[in-house]
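Here's a quick tour of a fold, strand by strand and ring by ring. Have the viewer open and follow along.

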Amino acid sequence: MKKIIYLLPLLLLCLSCSNDSSDDLPGNETTNSNFTVEYLQTGDSDQFSQEITFYSAYGWKDTDSENDVDANLNSENSALPGSLSYTTKQASPGIWVTYNVAPDNIEEGISLDVTFKFYKDGELIDTKNLSIGDESTTTDSFTWEYFADVSGE
């Protein structure tokens, strides 16, 4: 019994801690949804190599032009725009977004601020902010995913 009393605070601490992961988002509904991802960058974008990959089972379109878009964006091929907004072509069971960024040269005073906003059926469900400065010598990255449980359909 005494051992259980000692473990109780540890259990409460573990249950109260949260991480910064999309796994915490509700994903147990069994309906497909329309997703939108907004991307905004400010700073010395020409001093960084960036790569963004968007995954949706049905593809993506630019929310402004309604044109189909490439699901892989890489600044080595062309500079990424200051902002973009993509939405799924049709209701989808989920999305997956990866982002990688690294400075091209370590120069004093360079910085890049990046914001991703994730919407499900028009409702903001998550925001990711990254600030990368000249002290970063490695690739910074994140993976964001949201998949509904469609196993019962």
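How many bridges join β2 to β4? There are 3 of them, and the two strands run antiparallel. Bear in mind throughout that this is a predicted model.

## The four-stranded sheet

That pairing belongs to an open sheet of 4 strands, laid out in the order β4-β2-β6-β9 with antiparallel pairing. At the edges sit β4 (72-74) and β9 (140-147), each of which pairs on one side only. Ignoring direction, neighbouring strands here are turned by 5 degrees against each other on average.

Now walk across the sheet. On to β6: β2 and β6 run antiparallel and are joined by 9 bridges, and Q50 has V101 of β6 as its bridge partner. Then β6 (residues 94-103) pairs with β9 in the antiparallel sense, over 8 bridges. If you want a residue pair to click on there, N100 has S141 in β9 as its bridge partner.

## The two faces of β2

The covered face is made up of F48, Q50, I52, F54 and S56, while S49, E51, T53 and Y55 make up the uncovered one. On the covered face, F54 is buried, with a relative accessible area of 2%.

Over on the uncovered face, Y55 counts as partly exposed because its relative accessibility is 39%. Together with W96 and F147, Y55 forms a nonpolar patch on the surface, and the three have about 310 Å² of accessible area together.

## The five-stranded sheet

There's another open sheet, this one with 5 strands in the order β3-β5-β1-β7-β8, and the pairing is antiparallel here too. The edge positions go to β3 (60-62) and β8 (123-133); each has a single partner strand, so one side of each lacks a neighbour in the sheet. Neighbouring strands are turned by 20 degrees against each other on average, again with direction ignored.

Inside this sheet, β1 and β5 pair in the antiparallel sense over 5 bridges.

## Aromatic pairs

How many aromatic pairs does the structure hold? The count is 12. A pair of rings is described by the distance of the centres and the angle of the planes. Take Y39 and F116: the ring centres are 5.2 Å apart and the planes sit at 55 degrees, so this pair is tilted. Y39 lies in strand β1 (residues 35-43) and F116 in strand β7 (residues 111-120), so the pair ties together parts that are 77 residues apart in sequence. Are these two residues buried or exposed? Both Y39 and F116 are buried.

The rings of F54 and Y86 have centres 5.0 Å apart and planes at 55 degrees, so that pair is tilted as well. With F54 in β2 (residues 48-56) and Y86 in β5 (residues 83-88), the contact ties together parts that are 32 residues apart in sequence. Y86 counts as buried because its relative accessibility is 7%. Zooming out, one aromatic cluster is formed by F35, Y39, Y99, F116, F118, F142, W144 and Y146.

## Loops worth a click

N34 is found in the loop between α1 (2-16) and β1, and its relative accessibility of 37% is why it counts as partly exposed. Which distance separates the C-alpha atoms of N34 and S92? They are 6.2 Å apart, although the two residues are 58 residues apart along the chain.

E66, in the loop between β3 and β4, has a positive phi of about 65 degrees although it is not a glycine. Its relative accessibility is 47%, so E66 counts as partly exposed. D121 lies in the loop between β7 and β8 and has a positive phi of about 50 degrees, although it isn't a glycine either. At 48% relative accessibility, D121 is partly exposed.

Note on methods. Residues numbered from 1 in each chain as written. Predicted model: local features only at pLDDT ≥ 70, side-chain atom pairs only at ≥ 80, totals over all residues. Heavy atoms only, no water. Phe/Tyr/Trp six-rings, centres within 6.5 Å; stacked < 30°, edge-to-face > 60°. Buried < 20%, exposed > 50% of the residue type's maximum accessible area, 1.4 Å probe, protein only. Patch = residues over 30% accessible without salt bridge, like charges linked within 9 Å, V, L, I, M, F, W, Y side chains within 5 Å. Areas by Shrake-Rupley, 256 points an atom, 1.4 Å probe, with all protein chains shown as cover. Salt bridge = Lys/Arg side-chain N within 4 Å of Asp/Glu carboxyl O. Pairing = 2+ DSSP bridges. Axes fitted to C-alpha atoms, helices over the stretch in contact; angles between N-to-C directions.
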